[in-house]
Structures are given as structure tokens and as C-alpha cells.
Amino acid sequence: RYDVCREGAPAPSWVAYDRQVLRFSAYFQEAVHEKREEKYRIRKCTILYYLEDDSIQVNEARQENSGIPQGTLIRRHRIPQPPPNDDSFYTVDAFNVENSVTLYGRIFTITDCDAFSRNYLTKTGTKVPGPESMEPEDPYFAHRKKEASTMQPHRPYEKCDTLKQFLENDRNVLRFYCVWDNSSEMFGDMRELVLHYFLADDTIEIREVIRANSGRDAAPKFLHRSKVPKDVGALHKPGEITQRTVLNVFGPMGHGGRYILDSLKTGAVEKEFYTDADLTVSAKINVWGREVTVCDMDEFTAHHFNSKYGKEKSTPIHYKQSEAAKAEREIPPYNGWGSEEDSKANCLKLIAQAPKKRLYQIHEKKTGKDLTATCYDSSPVSTPTVPSTWTVVSSYPSSSRMIPSRYSSQKKRNSGIVHGKFIERSKIANIGGKYYSAEDLFVGAVVNFRSHQFVITDADEYAMTYAEKHRAAYR
């Protein structure tokens, strides 16, 4: 908190001159020893005089490739005068245009001041001369400036300003829904892609849509963000495409050698890249040898084409496969080894699992007794009127599991027939591929078991009773 001054008493200097600074332009000459190019150096600087506490600060403007430390030469503080007056400090009376002040052994010559400093000195009764017109110039920096103006590049670099495009289109991305048809190749299929076109630098990024359980590795990107050329052609060797072409070289390579550059760009290779104008619905683009078809776009992309090119959104192309259109899985035919359910399980999953049994049907409908029928083999090796082999067929009506067994009516020596089971208990499919059920077994029915044709001639009492109870199923 500041105390209020008495009425009529002058305010202290740190209140009256708060934030008031006098600015002077000055220079000092510095000798350069043991250098042929220059004998002395002219260093231009700015002197700041703070009226509130009579402190002084000296700053030097930075010059390009000067090789000397520049910036703040003297930090802000009160600077004493040179001997023999070193017991006192500099005041504002010592600073004026065309005056020289000695600050720590360096003689600063003041050449000019700003408008505020000139007005302040005039109000204090000091006559301020005009700006000094004969300000010396550093001969060495003048020589370097002259040499830099005469130096011309062998071939001027072409200016390619992309900052405006970046500032106008930063974070503006066009999105296209594409498809790559690779079904012509072995194990190929339709690949859904999402193409991103970045308006900031005309680059393209492609990501693949990988569905769940598709069997494909979830790669992060199908194509890294880059410019895509229209004509791929053969790949160029490293160093074949350069910005500058050397026609001839004289002398040693490196230091001391001379070379001639091709200013006409006769060996330049120009490539044409895809732009947003080429990406329309139904357009086909060549992505490094892969033909990608543009099928649809989002709303922002459609608005961009309408505002920039005046094109309305085209009808999208249907590219997603429906569930009905997908190819059904082909199961190879049964080869006779093991059961047919086990063989089919090897085709449905990578790791085969045992087929599940319908235990609820067996529990609900199993009666605990089999159906027994008498039939004979009607294959070409036997005659229907005189059956050579009698066969008893047993079956569970609910689970359709049959137990065919083969017996001989009269055991004869040297008959050539092995008596006993004909087929182990298993499901048996008919010629059409469907399994036999209890409804297929009735008196007079002709069945085919493992390429053997049987005619059912009789059945036991339980089988007849079961057929009578389930008469509707036998119709």
C-alpha cells in the first residue's frame, strides 16, 4: 500500500516516471585483430534509459551468421561514469543525439532517438539535433551483402506452397466405401474397404473392413497414407528419381569438383496421382495393381462434390453380400470309414467334436423293446423265392437306430457264408441320403443296406402292434 502524498508535494520519481523509457539508437566500434578480411567492426545497438530509477540497458540486434554473441549486452542497472567521476552514476543529461557515452570501456555514439525521447528532452530544455545521416557502415558486412546479392543458384528451386491448402482443408477427410473383387484368385473373395482422402495434402489411406470370425488377421491398414499414382509401372531404382540431375562432373568428387546441372529437367520423371475429382461412385482406381471400385460415399463427401464440382450424389452400388447369396458349404461324400456324423464333424469345424446325441428323444419315446422284422437278401446272388440268408433287423423307433444282424436259417457246412452280425449298430442312409426310420420298415418294404437290397417278409408281434398304434406315420 502506498501512502497518499500531501497536497502540493511532488510525487516520487518511481511514481511519476513509472514505465517511461527513453530509447536511443547508437553504435560502437570494435577492433578486429589478426584477420585479413576486416580491421574493425561496427556494432549497432539500442540504449534504454529508465527514468524511474536512472537504470540503463543496452541491447544489440541479432545479425545473420555474425558469429558473435548478440542480444543483451548490458543488463538493466545503474552504470557508473568513467574515471575520474566513477563515484557518480549516469543521468539523463548525458544522453542526447550526437553525444558519446562510455559504458564499461566501450564508447557508444548516439545517432538517433524515438519521438517520446525527443519530446521529453525538448520539454526539459535540451536542444535535440536531427538524426545523424552519416552513420558508418560495417565494411565487412557490406562486402558479404554484396557477394550474397551476386550469387545465383544454378537452377532456381520451384516454389511449392502447400500451407494455404493445409490451413483451408486441415482435418477435412472424404470417406468412400469401396470393394476389391479378388474372387478370381485362389481362395479369393470380395474385400470391403473404406478409403479416406485427405484434402490437406491429397493423400489416400485405405482400411479394410474385417468381419467377426472371418478368419483374417486384423491388419491396421490396407494402404498406408500416401499419394497413389495412376500409372504404377515398374518400380524405380533408388536414386533414379531426383530433384536435380547432374549432367557432367569435372575434377574430383566432393571438394574442388565442378558439375553442370540439367536446368531443362530432361531426365525428370513426372507422375500423375489420384485427386478427389477422380473418386466418384462406380469409378475404378488402380491401387498398386489392385482394382478397387468406389461404391458409395458419406454425406460430407457428397456435400463436398456438390459445392466444389456441382455434382449430385450418384446411386450407390450394392456391394454387400446377403446371407442367401453366400455359397453353401459343400460336404464331401461319405467314404465309409466310421459313422457319417463323425466324418461330417471333421468338415464343419477345425477341431472335430463328437456329434451330439438327442437324449431327450430317446428318453421320451424309448419303449425299451426293439422292432424285429424278418427279411431276406434279394441281391442278384440270391433268388427271392428261395432265400439263401435270413436277416433279423432291430430298430429303435424314436431314435432311428437300427441293429441289423445276419443269421443262417440252416447252418450248412461249406456254404461259404459267415454267420453272425451283418452290420454293426449304426444309422443307415438310403439311396437319397436320408436315414432310415421306423416308418420305412414294414412288411413288403424294400430297403437297401450298404449296397445290399432286402425285402421285409414278416415282423414280430410287437412290430405289428407298434405299426397299428402309429398308423398315421406309415401312410
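C295 is buried, with a relative accessible area of 1%; buried here denotes under 20% relative accessible area, exposed over 50%, and partly exposed the range in between, for a 1.4 Å probe and protein chains only. The closest cysteine sulfur to that of C295 belongs to C178 and lies 6.7 Å away, too far for a bond. Across the whole structure the search returns zero disulfides, a disulfide being a pair of cysteine sulfur atoms within 2.5 Å. C45 also counts as buried, at 5% relative accessibility.

The model is predicted: local features need pLDDT of at least 70, side-chain atom pairs count only at pLDDT 80 or more, and totals for chains, interfaces and linings use all residues. Residues are numbered from 1 along each chain as its sequence is written, and side-chain values use heavy atoms, with hydrogens and water left out.

**The six-stranded sheet**

Helices (H or I, at least four residues) and strands (E, at least two) are DSSP runs numbered from the N terminus, and two strands pair if DSSP finds at least two bridges between them. Six strands form an open sheet in the order β10-β9-β8-β7-β14-β13, with antiparallel pairing. Its edge strands, β10 (223–226) and β13 (284–287), each pair on one side only. On average, neighbouring strands of this sheet are turned by 35° against each other, direction ignored. Axes are lines fitted to C-alpha atoms, for helices over the stretch in contact, and angles run from 0 to 180 degrees between N-to-C directions.

Five bridges join β7 (residues 173–181) to β14 (residues 290–297) in the antiparallel sense, and F176 has M297 in β14 as its bridge partner. Helix α5 (residues 299–308) lies across β7 and β14, running at about 110° to β7.

Strand β3 (residues 55–60) is mostly covered, since five of its six residues are buried. It is joined to β2 (residues 40–50) by six bridges, and the two run antiparallel; C45 stands opposite E60 in β3. Four residues separate the strands in this hairpin, where D54 takes a positive phi near 60°. β3 also pairs with β4 (residues 72–77), antiparallel over three bridges, with I56 opposite H77 in β4.

**Helix α2**

In helix α2 (residues 115–123) the buried residues are S117, Y120 and L121. Seen down the axis of α2, they fall within an arc of 95°, so they line one face of the helix; the arc is that of the directions from the helix axis to the C-beta atoms. These buried residues pack against β1 (21–31) and β6 (106–113), contact meaning heavy atoms within 4.5 Å. The face turned away carries the exposed residues A115 and K123. After α2 comes G125, with a positive phi near 90°.

**Salt bridges**

The structure holds 20 salt bridges, each a side-chain nitrogen of Lys or Arg within 4 Å of a carboxyl oxygen of Asp or Glu. Among them are the following.

| Pair | N to O distance |
|---|---|
| R41 and E38 | 2.9 Å |
| R191 and E208 | 2.6 Å |
| R207 and E205 | 3.3 Å |

R191 lies in β8 (residues 190–198) and E208 in β9 (residues 203–208), so the pair ties together parts that are 17 residues apart in sequence. R191 counts as buried at 13% relative accessibility. Both R41 and E38 are buried. R207 is partly exposed, with a relative accessible area of 34%, whereas E205 is buried at 7%. Salt bridges that share partners join E30, K35, E38, R41, R43 and E60 into one network.
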